[in-house]
Amino acid sequence: VINYMEKYLLTLLLIFMGAAWNVFLKQGLNQAVLPEINSLKNVFQAVLILLKNHWIWLVLLTYVPSALIYLYLLRKSELSYLFPILASATYVLVLLFSWIFLKENITLLRVAGVLLVALGVFFVAKS
């Protein structure tokens with residue numbers, strides 16, 4: 001039986017890891033010079049290029065454990081409760097990380113949209 005504190009901490013860790021691997025993936029793709037994918041040979045070429053990128057390794061090092069944590073939490077929680085919280089909180093953190101680490105321009109309209117999603121999650125969490 002999973003206790004409340006363990007579930008809460010694992011959920012927070014999962015949110016953080018989800019936002020982190022998305023930022024790592026964006027960084028890796030920004031740095032990679034990939035061939036146009038028009039053949040199977042080019043797919044393998046692209047994979048080899050990506051595997052030489054340290055950002056992509058960081059993606060794997062955060063994505064795989066986060067997937068395992070998600071599977072564990074999913075067994076112990078209702079999907080209709082867990083998924084909206086994870087998705088919306090990750091949206092908020094990705095927005096913040098994109099602004100801080102990727103220097104993306106974040107508009108007020110985008111912030112308002114993400115905050116509306118977060119408000120919806122608040123209602124889901126209270127249910």
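At 66% relative accessibility, Lys-103 counts as exposed, where exposed means over 50% relative accessible area, buried means under 20% and partly exposed lies in between (1.4 Å probe, protein chains only). You will find Lys-103 in the loop between α4 and α5 (108-126). Its backbone is worth a look too: Lys-103 has a positive phi of about 60 degrees although it is not a glycine. For background, most residues other than glycine have a negative phi.

A word on how to read what follows. This is a predicted model, in which local features need pLDDT of at least 70 and side-chain atom pairs count only at pLDDT 80 or more, while totals for chains, interfaces and linings use all residues. Residues are numbered from 1 along each chain as its sequence is written, and side-chain values use heavy atoms, with hydrogens and water left out.

Now for the overall layout. The protein has five helices and zero strands, so from the N terminus its elements read α-α-α-α-α; helices (H or I, at least four residues) and strands (E, at least two) are DSSP runs, numbered from the N terminus. Along the principal axes, the C-alpha atoms fill a box of roughly 50 × 40 × 25 Å. Of the 127 residues, 31% are buried. Among contacts (heavy atoms within 4.5 Å) with a separation of 6 or more, 68% are between residues 24 or more positions apart.

Which residues touch the most other members of the largest nonpolar core? They are Leu-10, Leu-14, Ile-69, Leu-73, Leu-86, Leu-93 and Phe-97, out of 14 residues in that core. Helices α1 (4-31), α3 and α4 each supply at least two of the core's residues, and α1 gives the most, with six. A nonpolar core here is a set of buried Ala, Val, Leu, Ile, Met, Phe, Trp, Tyr and Cys residues joined through side-chain atoms within 4.5 Å. Leu-93 touches Ile-15, Phe-16 and Ala-19, not counting residues up to four places away in sequence. A second, separate core has five residues, including Ala-20, Trp-21, Phe-24 and Trp-55.

Thr-90 sits in helix α4. Is Thr-90 buried or exposed? At 15% relative accessibility, Thr-90 counts as buried. Leaving aside neighbours within four places in sequence, Thr-90 is in contact with Ile-15, Gly-18 and Ala-19.

Next, step to the loop between α3 (54-76) and α4 (79-101), where Ser-77 is found. Ser-77 is buried, with a relative accessible area of 14%. Beyond residues up to four places away in sequence, Ser-77 touches Lys-7 and Leu-82. With Lys-7 there is a side-chain to side-chain polar contact at 3.4 Å. A polar contact is a pair of N or O atoms within 3.5 Å; within protein, one must be able to donate a hydrogen and the other to accept it, and residues adjacent in sequence count only if both atoms are side-chain atoms.

Finally, visit helix α2 (residues 40-51), the place of Leu-48. At 53% relative accessibility, Leu-48 counts as exposed. Leu-48 and Leu-34 are 14 residues apart in sequence, and their C-alpha atoms are 9.8 Å apart in space.
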